[in-house]
Amino acid sequence: MDAGDLKIFQAVAREGSISKAALALNYVQSNVTTRIKQLEDQLQVLLFYRSNRGMSLTPAGENLLGYADRILQLLSEAEQATQIGNPPAGMLRLGAIETAASRFLTPLLAEYRLCYPEVQHSLTTGGTHELNQKVIKHELNGAVIYGPVDHPELNYMKVYDDELVLIAEPGTHKMHDLLRKPMLFFEVGCTHREQAEAFLQDQGVHILKVMEYGTLDTILNGVSAGLGVSLLPRSSVTRAEHRGEVAVLSLPDPYRRLEVGFVHSRSEHQYGALGALVQMMTNQKTRTIKE
């Protein structure tokens with residue numbers, strides 16, 4: 001069993017099928033099948049259950065995946081450690097909540113790329129819980145999420161404060177009337193959605209008419225068209241408000257406060273590409289405080 005075997009095993013476990021893993025790795029499908037079979041023969045244990053729906057891990061496979069994740073992460077860190085003192089390079093896999101991706105992370109990454117052109121980055125959006133899990137599993141190097149976060153496997157750094165606001169179609173509205181309209185939300189699991197639902201419960205709205213929308217733009221467009229209202233971070237609706245597309249109403253304390261931060265695994269050292277990004281975030285936060 002070598003690193004190549006573990007990389008293939010990890011990909012099949014993550015993708016749930018030989019064909020998807022082969023596509024992700026850019027390997028020939030038959031090669032992936034053979035390597036998995038050889039690994040099972042070597043260990044003398046079944047690692048996957050096979051069915052028409054794909055492949056799922058056996059208990060032995062679940063155990064091996066935990067070790068594979070750690071081993072491959074250590075190998076990646078060992079490779080990066082040899083680059084200390086050199087300009088950051090390699091791959092940086094990042095995640096972000098939808099509302100922070102365009103407002104905060106995209107401009108930061110534009111500045112980052114000017115400073116470190118040898119770093120290739122990818123960006124995935126999702127909910128806070130989902131992104132935290134991907135960082136813990138080392139599927140992402142770091143993520144911008146709603147905080148604060150207190151987890152034994154994660155380092156958390158506050159990045160900025162935001163404000164939860166109620167948005168509606170343009171015009172003059174009363175809060176009481178708006179709270180009876182359908183609520184346009186991201187998918188279940190969004191942290192600020194939980195805060196929004198707590199506010200609604202406090203206001204006596206116990207039956208929620210929820211319409212789930214996948215992206216920030218679709219929520220803003222839906223609200224502007226009069227399909228309902230939404231509770232979103234102020235930073236994500238400022239432009240739409242200035243264009244006259246939505247009306248914005250402030251919430252009472254303590255429901256208005258939102259905190260956004262950055263997480264990365266405690267087992268991942270802060271050097272190379274990740275360390276440079278963390279330092280850039282720290283510098284930006286310091287500049288903001290001074291301003």
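A salt bridge is a side-chain nitrogen of Lys or Arg within 4 Å of a carboxyl oxygen of Asp or Glu. The exercises below use this cut-off on a predicted model.

**Exercise 1.** Find which side chains form salt bridges with Arg14, and state which parts of the chain they link.

Solution.
1. Glu139 forms a salt bridge with Arg14, with 3.1 Å between the closest N and O atoms.
2. Glu139 lies in the loop between α6 (128-136) and β5 (142-147) and Arg14 in helix α1, so this pair ties together parts 125 residues apart in sequence.
3. Asp69 also meets Arg14 in a salt bridge, at 2.7 Å from N to O.
4. That pair links Asp69 in helix α4 (residues 59-81) to Arg14 in helix α1 (residues 3-15), 55 residues apart.

**Exercise 2.** Classify Asp69, Arg14 and Glu139 as buried, partly exposed or exposed.

Solution.
1. Buried means under 20% relative accessible area, and exposed means over 50%.
2. Asp69 has 11%, so this residue is buried.
3. Arg14, at 29%, is partly exposed.
4. Glu139, at 28%, is partly exposed.

**Exercise 3.** Describe the length and the bend of helix α5 (residues 98-115).

Solution.
1. The helix has 18 residues and spans 25 Å from its first C-alpha to its last, close to the 26 Å expected.
2. At Leu105, α5 bends by about 40°.
3. A proline, Pro107, follows within four residues.
4. Leu105 is among the buried residues of α5, which also include Phe104 and Leu108.

**Exercise 4.** Work out how strands β1 and β2 are arranged.

Solution.
1. Strand β1 (residues 48-51) pairs with β2 (residues 54-57) in the antiparallel sense, over four bridges.
2. Two residues separate the strands, which form a hairpin.
3. Within the pairing, Arg50 stands opposite Met55 in β2.

Terms used. Residues are numbered from 1 along each chain as its sequence is written. This is a predicted model: local features need pLDDT of at least 70, side-chain atom pairs count only at pLDDT 80 or more; totals for chains, interfaces and linings use all residues. Side-chain values use heavy atoms; hydrogens and water are left out. Two strands pair if DSSP finds at least two bridges between them. The expected span of a helix is 1.5 Å times one less than its number of residues. The bend at a residue is the angle between axes fitted to the seven residues ending there and the seven starting there. Buried means under 20% relative accessible area, exposed over 50%, partly exposed in between (1.4 Å probe, protein chains only).
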